[in-house]
Amino acid sequence: MIINCVIIEDEPLAMERIKEFVLKAPFLKLLHCFDNAIEAIGFLKSEKVDLLFLDIQMDGFTGIQLLESINNRPDVIITTAFDQYALKGFDLNVADYLLKPYTFERFMQAVTKVYDKHISTPKNSRKTFIFVKTEYRLEKVNLDDILFIEGMRDYRCLHLPGKRIMTPETFGDLENELPKENFCRVHKSFIIALGKINSIEKDRIRINDQLIPVSDTYKDNFYRSIKS
C-alpha cells in the first residue's frame with residue numbers, strides 16, 4: 001500500500017531533509033512540497049492526500065491555522081523545533097509530533113504508525129458506530145442515527161431521533177471519526193449526515209424540521225459530496 005504525502009515546510013534545509021527521508025521510505029509517495037500553508041490549501045482540497053508533514057511555526061498562516069481551516073484532513077505529522085505545540089497537536093488529533101532535529105529512525109516510527117493504521121482499516125469495511133466523550137463517560141453512537149451535529153459554544157450537540165448528546169470534542173475530532181462519504185461539514189457550526197437530507201433550497205438544508213445553512217466556506221465541498 002502506498003501513502004500519498006505532502007510536505008509544508010518554510011525552511012529549505014528542513015524541507016530537503018524531510019524529502020530525503022520520504023524517498024527512503026518504500027511505502028511513501030511524495031505528491032508536492034509547499035513553503036507556505038496558504039498555497040497548500042487548494043491542493044489539499046482537490047487531491048487525495050493521505051499524510052501531511054506540517055511545520056507549525058510559519059510566517060503569515062501557521063500550521064495550526066491550516067489544520068483548523070481544512071475539512072476531512074489527512075493524517076498529520078507535525079514537524080517543528082518548538083515543543084510547546086505538543087499539547088495543541090494532541091488536541092487536533094495529529095498522528096505524531098517530530099521535534100527538530102529528528103533522526104531517520106524517529107521519522108520511520110512516525111510514518112510506520114500511519115501506514116499500520118491504513119492497512120488495518122480495509123477500504124471496503126463500513127464503520128457503523130463511534131464513541132464520543134460526554135461529561136462522565138464514552139457513549140456509543142450508531143452512525144445511522146446521527147441527523148446532524150451542531151456547535152454550541154464549548155460543546156458539540158449530536159442530534160439523534162428523540163435524543164441529543166453533548167460532547168466537548170471539537171469538530172475536527174468528529175470529522176476524523178466520521179466516514180467522509182456519509183458526513184459533511186457545511187458550516188462552521190454544523191456537520192450533517194448526507195443521507196438524512198430531506199431537501200436543499202437556496203443554500204439551506206432541511207433535515208426533518210431543522211433548516212441548516214450552507215456557508216460559502218464549505219459550499220463547494222458540500223455540493224461535490226452530494227453529487228458523488
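Predicted model: local features only at pLDDT ≥ 70, side-chain atom pairs only at ≥ 80, totals over all residues.

Me: What makes strand 3 and strand 4 a pair?

Reply: Two strands pair if DSSP finds at least two bridges between them. Strand 3 (residues 51–55) and strand 4 (residues 75–80) have five bridges, in the parallel sense. Within that pair, D55 stands opposite T79. Strands themselves are DSSP runs of E, at least two residues, and helices are runs of H or I, at least four, both numbered from the N terminus.

Me: Why are strand 2 and strand 5 called edge strands?

Reply: The open sheet has five strands in the order 2-1-3-4-5, with parallel pairing. Strand 2 (28–34) and strand 5 (96–99) each pair on one side only, which makes them the edges.

Me: How do you know that helix 1 has its buried residues on one face?

Reply: Buried means under 20% relative accessible area, exposed over 50%, and partly exposed in between (1.4 Å probe, protein chains only). In helix 1, A14, M15, I18, F21 and V22 are buried. Seen down the helix axis they fall within an arc of 125°, so they line one face; the arc is taken over directions from the axis to the C-beta atoms. The face turned away from the buried side of helix 1 carries exposed P12, L13 and L23.

Me: What do the buried residues of helix 1 pack against?

Reply: Strand 1, strand 2, strand 3, strand 4 and helix 5, where contact means heavy atoms within 4.5 Å.

Me: How do you know that the length of helix 1 agrees with its residue count?

Reply: The expected span is 1.5 Å times one less than the number of residues. For the 13 residues of helix 1 that should be 18 Å, and the end C-alpha atoms are 19 Å apart, which agrees.

Me: What makes a set of residues a nonpolar core?

Reply: They are buried Ala, Val, Leu, Ile, Met, Phe, Trp, Tyr and Cys residues joined through side-chain atoms within 4.5 Å. The largest one here has 21 residues, and L52 and V76 are among those with the most contacts inside it. Helix 2 gives the largest share, five residues. A second, separate core of 20 residues includes M15 and F107.

Conventions. Residues numbered from 1 in each chain as written. Heavy atoms only, no water.
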